[in-house]
Amino acid sequence: MITKINRTKKWMLCTALSIFHLSLFTSCNDFLDILPTNQVVLENYWTEKGDVSSVMTGCYAALENSDALARLVVWGELRSDNVRLGASVPNEINEILKENLLPSNAYCNWAKIYDCINRCNTVCYYAPTVQAIDPNYSEDEMKANVAEAVTLRSLCYFYLIRAFRDVPYSTEPSISDAQNYILPATPFEQVLDSLITSLELVKDDAVRRYFQDDSPNAYQNSSKITRWAVYALLADLNLWKGDWDEAIKYCDLVIDFKRLQYKEMLEREGNVNNIDLIDSIPMILEKPLGSTVCGNTYNEIFGEGNSFESIFELYFNNDNSWVSSYYGDNQNVMGRLSCPDFIAKDVASGNGSIFKRTDGRAYEGTELSNSSYAISKYTRRSVSYDTKNVSTDKDLKLSASRRSSSDANWIFYRLSDMILIKAEALIERGLEGDWDNAFALIDIVNKRANDAVNGNRSSTLKKADYIDTKASMEQLLFEERQREFLFEGKRWFDLVRMARRDGNTTRMVQLVTRKYIENVNAIKIKLADPNIIYFPYAKSELKVNPLLKQNPAFTTGEDSELTK
């Protein structure tokens, strides 16, 4: 955590060594036990462009760390109505699922996220110095690296405030023992405003594309920060702030870029059978032109990764992705977590409460195993199925291949995010025509999932069912987000945003408690406290930082003496 300064010096030596072996990022403490830390002189390291590039790579590596990624997934998904108990669940996960959340829970520890933040701060601090002394390091390259670092840092802080509300906030690296990193928590709104301001300053410095789209290295265009990733994050931040015009503006910039990419693809290849315009927005088709089976959308976005629709995702090419091994262990169908019956049961028969029988997302994301619905999203390499005349599960003729290694990418933003963020902003803005436009955007996402394109079938949504009230439009929006982003670490944050906007947890409680079978009333009473929608500060952080004041929802009961 940022309150422990000495290990930054250790990390900086480890960063230098990472030029040769990046794996030393996770083993530098053992190595540094051999050398006294006072032999590390930071300025002797930051001398050339390669030094900045190496540390910038370490910023991404910090997020890819399993402990860091686990927290992003758990914070954004576990407490929502998407997830229930599975098999062999660790106790700290089980306690969160039961809403028995204590400051002693390991997932309340944010150290790994602040590790990434400090690396980003260090890049921002030293990159200008390197540019001044290395003639091979241009000002544009330096600004692009700073834009990368600021965006990753902002993304980390965005996760922290959505999970904890008020958090210690600093954009200065811990590079000196003289610095004071015992910081009080900065209010949510102030951090949010600061993130937007900092991104506005660097947005035009970010790289547009690292490689041409037909290059073998084109995956880096969505696995590293680009200008479009900055815009996507700004759209999301402004949605949380309630600045609807700004959110819409940044969504449009990304959507327009995807239109440009699609146009370039057509000019380059002449014919594209797996992507088509759905009401003017290019989307990956569930069933490519000429194919008789669905599943193509899943295969490209989640199976292969770095798809046409991707904006930013963490890239894994080895057996080290936390998410695919956590949702499912690759050898067995059942993972540690499962999906509630009300989401996955009876979809094919047409009696599902969340999905229509033709909605491929239900079949791509879950599968029945031992009377429970296992989470199969990310664990599968590919799927294929037929929804043409489905009335039973057998009619699907579903075929799937499991990943042989844990290499699923973790997606932060893709084109559907921009479409649905824009739709939400239009609903909340509520000007003349906004609800019609919002419905059309939601329908694009829904039609793709139900293969209601190219004359295959009619849309499953009817405008007249929703367009009459703001409440019904909001319900449609959040239901579509749940269907589209199932198990993608977004649902709990969606519910938190809903509760913040409502000023109470009434709607949130109604939705979340659908997954519970036991102790439902007790959980309803607990979640009625608006403070409890945020995680408590970890007991370990409160011990080292006396300026932190515990979330008032967690100052009684177990650990109370340490959290007051």
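1. The accessible surface of the protein chain amounts to about 22,400 Å², and carbon and sulfur atoms account for 47% of that area. The model under review is a predicted one.

2. Buried residues make up 58% of the 564 residues in the chain. The secondary structure of the chain consists of 23 helices and ten strands. Among contacts with a separation of 6 or more, 69% are between residues 24 or more positions apart.

3. An open sheet is formed by four strands in the order S1-S5-S7-S6, and their pairing is antiparallel. Strand S1 (84-85) and strand S6 (366-369) are the edge strands, each of them pairing on one side only.

4. Within this sheet, S6 and strand S7 (residues 372-375) run antiparallel and are joined by four bridges. Leu368 has Tyr373, in S7, as its bridge partner.

5. Strand S7 also holds Ala374. Is Ala374 buried or exposed? Its relative accessible area is 0%, and therefore Ala374 is buried. In sequence, Ala374 and Leu85 are 289 residues apart, whereas in space their C-alpha atoms are 9.9 Å apart.

6. Attention may next be given to a pair of helices. The axes of helix H3 (residues 49-64) and helix H4 (residues 66-77) come within 5 Å and cross at roughly 60 degrees. On the H3 side the contact is made by Ala62, Leu63 and Glu64, while H4 contributes Ser66, Ala68, Leu69 and Leu72. Sorted by class, the residues in the contact of H3 with H4 are five nonpolar, one polar and one charged.

7. Which residues of helix H12 are buried? Helix H12 (residues 296-304) is mostly covered, with seven of its nine residues buried. These are Asn296, Thr297, Tyr298, Glu300, Ile301, Phe302 and Gly303.

8. The surroundings of H12 include both strands and helices. Its buried residues pack against strand S3 (281-284), strand S8 (380-384) and strand S10 (410-414), as well as against helix H15 (360-365) and helix H17 (434-449). Just after H12 comes Gly305, which takes a positive phi of about 90 degrees.

Note on methods
Residues numbered from 1 in each chain as written. Predicted model: local features only at pLDDT ≥ 70, side-chain atom pairs only at ≥ 80, totals over all residues. Heavy atoms only, no water. Axes fitted to C-alpha atoms, helices over the stretch in contact; angles between N-to-C directions. Helix = DSSP H or I, 4+ residues; strand = E, 2+ residues; numbered from the N terminus. Contact = heavy atoms within 4.5 Å. Nonpolar A, V, L, I, M, F, W, Y, C, P; charged D, E, K, R; others polar. Pairing = 2+ DSSP bridges. Buried < 20%, exposed > 50% of the residue type's maximum accessible area, 1.4 Å probe, protein only. Areas by Shrake-Rupley, 256 points an atom, 1.4 Å probe, with all protein chains shown as cover.
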